[in-house]
Structures are given as C-alpha cells and as structure tokens.
Amino acid sequence: MTVAVAPSLSELRERVNQMQGRPAAQPVATHSAFEGLLQLQTGSSYSVDSASLAMALMAGPSADGAWCGVVGMPELGLEAAAAAGVELRRTILVPDPGDAWLEVTAALIDVLGVVMLSAPSVPTAKDVSRIGARLRQRGSVLIAHGDWPRSEARVAMREVEWVGVGRGHGHLQARRVTVEVRRGTAPARTGRLWFPDADQVIRRVEAAPAVEVPTRLRSVS
C-alpha cells in the first residue's frame, strides 16, 4: 500500500509560482561573513540601516560574477566598496536619479542581478508591489538602504566597537560590530563580525581578537 505524503509548504509555494509563471526563489551567493545569519534569495528585497552593510551584502553576488547597480547614493565610497569585495567593473552607478528613481530602479532590475537603492522617501504600497513583481519576474535582488516595506529581512548594525586607539595615541585598526537580522515576527539572529578587521577583511569574530586591544572606542552607529 502506498501512503501519500503531503507536500511541504515550500513545495506548495514553488508549484504556485510555477503555475503563475514566476520562477521559484533561488539562493544567491552571499558574503561568507553572513553565514548562518542571512542567505540572499532571488526575487527578494532586503532593508539595511547602513551603507557599509549594503556594500557587504552586494559584495557576495558581485564577487560571484553578478552585475550590480547602485541608485541614489552619490557619497558611496568606491574604494570602500572595492575593499568590501564589490567588483567595480561590473557595477553601474546612478548617483542622482532625481524624481525618476523608481523608474531607474525598475529598469536596472530588468538587466542586473543586484540593485542597491537609497530611496529619497518611503515608497508607497503600489511602488513596493511593482518593484516586488519585477524582482520575482527577473530573479533579481534589491538591497534598500533605509526602510523598504515588506522586505524579506531587515539587517541592522549594533554594538559598534573601534579597535586600536590607545590612551591618547594609536590608530583605528579594526571595527567590531553585532549584525542583527530580523525576518517578520521571528526572533532576530545576531552575529559578531569584524567590519573590517586589521587586514581590511570582513569576517566573523573568532575567539581571539585580530589585534591587541589596549582600549576600545565605542560608537552607537
């Protein structure tokens, strides 16, 4: 006798997406520092509270060969982006899209794997639905610097510590932060990261510090 096994929720969702002509979400290369915290998925949007977090998230797919776009971030540091792992030769910059920011973002989603956006205002529900449909159709990823309603996850930087400053002397050598990832109403996931370490590498904090720490200079953002 054969016993029928009910399909899982993920299998049902994939079947519905196929019937509606939508590609099922697929994992996207994600920076190794976020392992266990966040896995980027095609067709999804993510909200972050800092430009450095946004660059680190974009670095994973960029290093894996994806073309990326940055919209509405005229002060983006290209040197810092390259240090984070972003491949600048495959990155399109639109520093000031003006009032056409939504149209520019939608157009880039059509042709790029990842789009990083700093919107001038909180988008309307209609705008969010429009961009979400575009992301699912094209299999792209949106990383929003600032609030983006109905994001797959919200990523925030907490408990920032600068390392390397002594008593009135020394140089900033590294930054240690707690990264918090929230998905809906689920409990937040947190991880301690060097952002970056003394060698300018973004990675998880290990048991021993990367540099000697005579004192710590704390910051709140």
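How exposed is Gln-200, in terms of relative accessibility? At 46%, Gln-200 counts as partly exposed, where buried means under 20% relative accessible area, exposed over 50%, and partly exposed in between (1.4 Å probe, protein chains only).

## Ground rules

This is a predicted model, so local features need pLDDT of at least 70 and side-chain atom pairs count only at pLDDT 80 or more, while totals for chains, interfaces and linings use all residues. Residues are numbered from 1 along each chain as its sequence is written, and side-chain values use heavy atoms, with hydrogens and water left out.

## The chain overall

The protein chain has five helices and ten strands. Those are DSSP runs numbered from the N terminus, with helices being H or I of at least four residues and strands E of at least two. Of its 221 residues, 41% count as buried.

Contact here means heavy atoms within 4.5 Å. Taking the contacts in the chain with a separation of 6 or more, 58% are between residues 24 or more positions apart.

## Two nonpolar cores

A nonpolar core is a set of buried Ala, Val, Leu, Ile, Met, Phe, Trp, Tyr and Cys residues joined through side-chain atoms within 4.5 Å. The largest one has 36 residues, and Met-116, Ile-143, Val-179 and Phe-195 touch the most other members. Two or more residues each come from β1 (44-48), α2 (51-63), β2 (68-71), α3 (78-84), β4 (114-117), β5 (141-145), β6 (153-165) and β7 (170-182). Helix α2 gives the largest share, seven residues. Apart from this core lies another, of 15 residues, including Val-115, Ile-131, Ala-144 and Trp-148.

## Phe-195 and its cis bond

Back to Phe-195: leaving out residues up to four places away in sequence, Phe-195 touches Phe-34, Ser-52, Leu-53, Ala-56, Met-157, Arg-175, Val-177 and Ile-202. A cis peptide bond joins Phe-195 to Pro-196, with omega at about 5°. Pro-196 sits in the loop between β8 (189-194) and β9 (203-204).

Gln-200 is found in the loop between β8 and β9 too. Its phi is near 65°, a positive value in a residue other than glycine.

## The second largest pocket

Which residues line the second largest pocket? They are Ser-52, Met-55, Ala-80, Ala-83, Ala-84, Trp-162, Arg-175, Phe-195, Pro-196, Gln-200 and Ile-202. The elements giving two or more of them are α2 and α3, and α3 supplies the largest share, three residues. By type, the lining divides into eight nonpolar, two polar and one charged; Ala, Val, Leu, Ile, Met, Phe, Trp, Tyr, Cys and Pro count as nonpolar, Asp, Glu, Lys and Arg as charged, and the others, Gly among them, as polar.

The volume is about 210 Å³, meaning the space filled by probe spheres set on grid points, which are joined across faces, edges and corners. The grid is 1 Å over the protein atoms alone, and a pocket is an open set of points where a 1.4 Å probe fits, with protein on both sides within 12 Å along at least five of seven lines; lining residues have an atom within 4 Å of a point.

## Buried polar side chains

Ser-62 is found in helix α2 and counts as buried because its relative accessibility is 0%. A polar atom of the Ser-62 side chain lies 2.7 Å from the backbone nitrogen of Glu-87. Beyond its neighbours within four places in sequence, Ser-62 is in contact with Cys-68, Gly-85, Val-86, Glu-87 and Arg-90.

Strand β6 holds two glutamates worth a look. Glu-161 is buried because its relative accessibility is 6%, and a polar contact of 2.8 Å joins its side chain to that of Arg-192. (A polar contact is a pair of N or O atoms within 3.5 Å; within protein, one must be able to donate a hydrogen and the other to accept it, and residues adjacent in sequence count only if both atoms are side-chain atoms.) Glu-159, also in β6, counts as exposed at 54% and has a positive phi of about 45° although it is not a glycine.

Arg-136 is in helix α5 (residues 125-138) and counts as partly exposed at 32% relative accessibility. Its C-alpha is 4.0 Å from that of Gly-43, 93 residues apart along the chain.

Glu-35 lies in the loop between α1 (9-19) and β1 and is exposed, with a relative accessible area of 62%.
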